[in-house]
Structure formats: structure tokens, C-alpha cells
Amino acid sequence: MRLRFVFITAAMAAAQWLLTPKAPASSHMDAPLITLDPAANTTDVYAFVAAGENGDTNNYLVVGLGVYPFEEPGIGPNRYNFDDNVLYQVHICTTNKSRGLPRAALNDVDAGRATISYQFQFKTTYADTGTILFSYLGVINNIGDAGQNLRQTYTLTKVDHRDNRSTILGTNILVPPNNEGIATPLYNAANNGNNPAKPGVADPADLDPYTRQAVYTNGGYLAFAGQRDDGFYADVLAVFDLLQLRDPGKDSQKGFNIHEMVLRIPISELGGELQTVGVYATTSRRAITVLRNGAAYSAAALASLDKRNNDPFEVGSKQLATTTGGGWVQVARQGNPLFNEVLVALVDKDLYSRTDPTIDSAIFAKYALNPEPAKLFNEIYNGGTNNPNIESNRTDMAYIFIPDVIKVDLSTGPALLQGGGTNDANYSSLGVFGGDTLVSKVSGSAVSGGWPNGRRYGDNVVDIALKAILDSTNILAPGFGLIVNPPTASQNVLTNDAIYSKVFPYESTPQNGRNHSHD
């Protein structure tokens, strides 16, 4: 008789992955429940305006979502992958409003209401299940070739919530292999699996072959999903160790990988450039999960399957080790960096993960208006003195974080980028705090070249947040204008350990399992 164990998602997250190896303390552990589910655990969301490539004179919105924090490249089997049972979504809020809303209703970006969502759904197969060689059967020269055992593809779907219309943008899109080393030499310097991963590039033609082959094109859309270096950098330990900052800092993410989905969206799909949009991401699982053991089979049936090298949990849909049902239940969300982890109190962290930005002004605004890190900083460094006041009525912080969507002014033209050998002139990872600004066609004024106006790969978001929270002049909002005499506080990790690309998909080449290092 089959043994069935049914878990509702609220309990599932706390139970099903209890045996999953836990990542070290990090900026990617925003809430208690989601840390138990690494494949659905969001790391970072990116959003910025980028120029077209290869002679394309159009501008685009680029969005990125990272999941699966702290992938150790040297783990051996390298079984870090997207989860077939997770719905990954990037949501865009525009200045439009859904049909049927009253005239006085807020537009979608101000309300935190998704106008358009882009969904990534994955499927995993194996070329050969009768071997111990989990992911690699030999050296991989092209993605999906005979050397690649574990193979993932995905379907990309656009959902327009204004009329509830879904459009499939691509199916069976290939995911490149993880960077093992000898098995994946083309990721690495001189195409040698013993060497460190290749640095980022400034020309699409110079991307490593695996990455280049995995870039999917549909009209103006570009899509990529696969393993990358974790482009977030900070001395997270020092921040959480009673704000005892050190110099030099130690990069808590150095040498680790993540899985990243990147999408380039034609601005015409969003209603044009003369607007500021909001971007956030979510992951969801089915409401019900059913686990089965092998008791459904007789010994003779199992022996027959074994002779044919058939996995008894893969031969039929009714015999799967795990099946799911019910509607999708959101288990994580992320917008701006650091909000849930650094500002939201423990009592509300899981609530944040399970809700959408439309409730932020009612539930979470208090954390932006009265940021606890400012109070902690005063207690540690200023003897508890709050003069000038940085602890309360922080409407500038609320403008950034409420609703918690990354706001991107589409009218500025392309953002300045770092990487690819030479950073763009006037680029600063501190954005407005480093004098890196753009001019908005909407307001006619200068806005930050990076976060909190969008977020680029390479933005030093922890130092930007420190400076913004400790800035007593409160002049960041609205519009993220110029800063006068910003605070000098820093966690003293000033750049990523790997070099980004200045072309799609932007995030750094995944670290080599055979040759990498940690701080």
C-alpha cells in the first residue's frame, strides 16, 4: 500500500527541506521559512535601462532574478539547479492601471500592483540514469551535447494582468551546465578547466560559448537562465555582528555561485519610456505536495525496472516520488535589496515573503519610516544620541522602499556599467553618492545612475544603504537627487571578486568548481 504524506505549503517549507544543507549566514537569508528552501530562495533582483547590442539603437529594460544562494562550486556532483516545482516570476508595475479600477485609484507602480509578469518554469531530464555521473558524462563542448547528463529547459511566459492574457515567448529554452571544471572547460580562462573562470566581456561575441549559446532571442526580447557568480558583495558578517565594521572588509559572497534568470524587455512592451516603472520578483510552490516511497511496487516489478535502468519514480506520472497539486502559493518575494532582511522585524519577515507590495503601505511602511539600523548605529557609535534625527519620520526611506519595488526611470537612457575590462566613464558603484547621475526626461532633473534608481550589476547597495540611512538631510527623495556631503560609513568591500560583463546577461561567469577561493 502506498504511503502518502501530504503537506500544505505553510508546513511544507518548514518540513520538506529540513535535511537540506544550510547556507552560512548571509544577505540571502531574508526570512526564517524561505532559508529552508534554497531553490526558491531569492538572492537579488536587478533592473536597469540598457542599450541595444550589435548595432541595435533601441533601449531596453533589463531585469534579473537570482536564486539558490551560496552554491559551493567545488561540491562535486554540482546538484544546484532550478526547481521544476517552483514558479519563478519577475513582475513589472507600470503607470497603467488594471481595467475596472476607479479613476482615483493609484497607478500600478505607486500601488505596488503588477501590470505584467514574466514567468520561468523549468523541466529537468537526464540523458542516462544508469550511471553515477550525475551531471556530466564527459567534456561538454556545446550545451545539451552528449557530455551533459543533467539537462534543463524552460518555458518563458508573459502574463498581462490588465486583460489576463498569457503569451508564451519561448519553450524548451536550454539552460547551460554548471561550471564543474574539467567537464566545462569553455567557462574558464584559456578554455582550460584547471583555470579560474573567464572575466566579463564588453562584446557579445566574446562571451564563453556556453553562455552565448544559452541566450534566447524572440524579437526584442533576450532571455538567459543558468548558473552565474554571485554578484552581490559585502562584509555581511560585520554588519550583523553588532555593526562592528572592519577595514578591509571580507566579502561574504566571494567564490560562491547562484542561479540567475535575466530578461531584456522592449520598453515598448511596457508603454514607452516616459515613466518610472517598479520591479519585484516572487517564487511560488504548489499548495500540496505528496511524497511516496517504493511500496507501490512488488519486488519483481522493482527488479524488472532495475534491469532496464529505469528509475521507479520516473516511469510514470502516478509513480513519481513527489507530486504536487493545488494552486500556486507564494513563498518568497524581493524588491529592493536589504529591505526584508535589514529593516523588517523578525515578526513580519515571513509575512513579507507571502504577500505582495500592494499591502506594503499598510503593513511595512513603519520599518522604512523608522529604520532600526539608524537607532542601532546611534546606540553603538553615538552613545544613543539621535541628533540630528535619523531614526524617525524617514519619508525619504519610505519613498525608496514603499511599496517595495525597484523604481526605474525609463526615460534616462542607458545606465553606466562596470566590467568588461573598462568601466564606463563616470561610472560609480555608489550611484548618486559617487556622482554617477543621469538626466530624467520625465522630471528634467538629475537622478541616480544606479540604485535606488534601478539596480545595476555592481551597485554597492550595502554602502549606498548605509549612507542613505545615516544621511540626516533626508534629500534622497523624491527623484533620488544629488547628495551633499554624504556620510562616509562603509562596510569596506568595494567591488565584486569577479568581473561583470557589459553585455547581456551581464552577471559574471560562474566560479570554477576546481579553481576558486573564499574570503
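Author: A polar contact is a pair of N or O atoms within 3.5 Å, one able to donate a hydrogen and the other to accept it. The model here is predicted.

Reader: What makes the pair R333 and D360 a polar contact?

Author: The distance does. The side chains of R333 and D360 are joined at 2.7 Å. The limit is 3.5 Å, so the pair counts. R333 also reaches a backbone: a polar atom of its side chain lies 3.1 Å from the backbone oxygen of Y352.

Reader: Where is R333, and why is R333 called buried?

Author: R333 sits in strand 12, residues 322-334. Its relative accessibility is 2%. Buried means under 20%, so R333 is buried.

Reader: Which residues does R333 touch, not counting those up to four places away in sequence?

Author: They are T42, A281, T282, Y352, S353, T355, D356, P357, D360, F364 and D404. T282 is 51 residues from R333 along the chain, yet their C-alpha atoms are separated by 4.2 Å.

Reader: Now E260. What makes you say that E260 has no salt bridge?

Author: A salt bridge needs a side-chain nitrogen of Lys or Arg within 4 Å of a carboxyl oxygen of Asp or Glu. For E260, the nearest side chain of opposite charge is R228, 7.5 Å away. That is beyond the limit, so no salt bridge is counted.

Reader: Which side chain does E260 join in a polar contact?

Author: That of Y457, at 2.7 Å. E260 belongs to strand 10, residues 257-266. Beyond four places in sequence, E260 touches several residues, including Y46, F82, F224, R228, Y457 and E507.

Reader: How do you know whether S411 is buried or exposed?

Author: S411 has 1% relative accessibility. The cut-off for buried is under 20%, so S411 is buried. S411 lies in the loop between strand 13 (406-409) and strand 14 (437-439).

Reader: Which side chains make polar contacts with the side chain of S411?

Author: D409 is one of them, at 2.6 Å. S440 is another, at 3.4 Å. The limit is 3.5 Å, so the S440 pair still counts. Leaving aside neighbours within four places in sequence, S411 is in contact with E273, L274, Q275, V439, S440, K441 and V442.

Reader: Why is N496 called buried?

Author: Its relative accessible area is 6%. Under 20% means buried, so N496 qualifies. N496 is placed in the segment after helix 12 (461-470).

Reader: What does the side chain of N496 reach?

Author: One partner is the side chain of D229, in a polar contact of 2.9 Å. Another is the backbone oxygen of A498, at 3.1 Å. Among the residues that N496 touches beyond four places in sequence are D230, Y233, D251 and S508. The C-alpha atoms of N496 and S508 are separated by 9.4 Å, and the two residues are 12 apart along the chain.

Reader: And Y381: why is Y381 called partly exposed?

Author: Y381 has a relative accessible area of 38%. Buried is under 20% and exposed is over 50%, so 38% is partly exposed. Y381 is found in helix 10, residues 372-381.

Reader: Which residues form a nonpolar patch with Y381?

Author: L242, L376 and I380 form the patch on the surface with Y381. Together the four have about 370 Å² of accessible area. A patch member needs over 30% relative accessible area, so Y381, at 38%, passes that cut-off.

Terms used. Residues are numbered from 1 along each chain as its sequence is written. This is a predicted model: local features need pLDDT of at least 70, side-chain atom pairs count only at pLDDT 80 or more; totals for chains, interfaces and linings use all residues. Side-chain values use heavy atoms; hydrogens and water are left out. Helices (H or I, at least four residues) and strands (E, at least two) are DSSP runs, numbered from the N terminus. Buried means under 20% relative accessible area, exposed over 50%, partly exposed in between (1.4 Å probe, protein chains only). Lys and Arg count as positive and Asp and Glu as negative; His and the chain ends are not counted. Contact means heavy atoms within 4.5 Å. Patches are made of residues with over 30% relative accessible area and no salt bridge: like charges are joined within 9 Å, nonpolar side chains (Val, Leu, Ile, Met, Phe, Trp, Tyr) within 5 Å. Accessible areas come from the Shrake-Rupley method with a 1.4 Å probe; for residues, only the protein chains shown count as cover.
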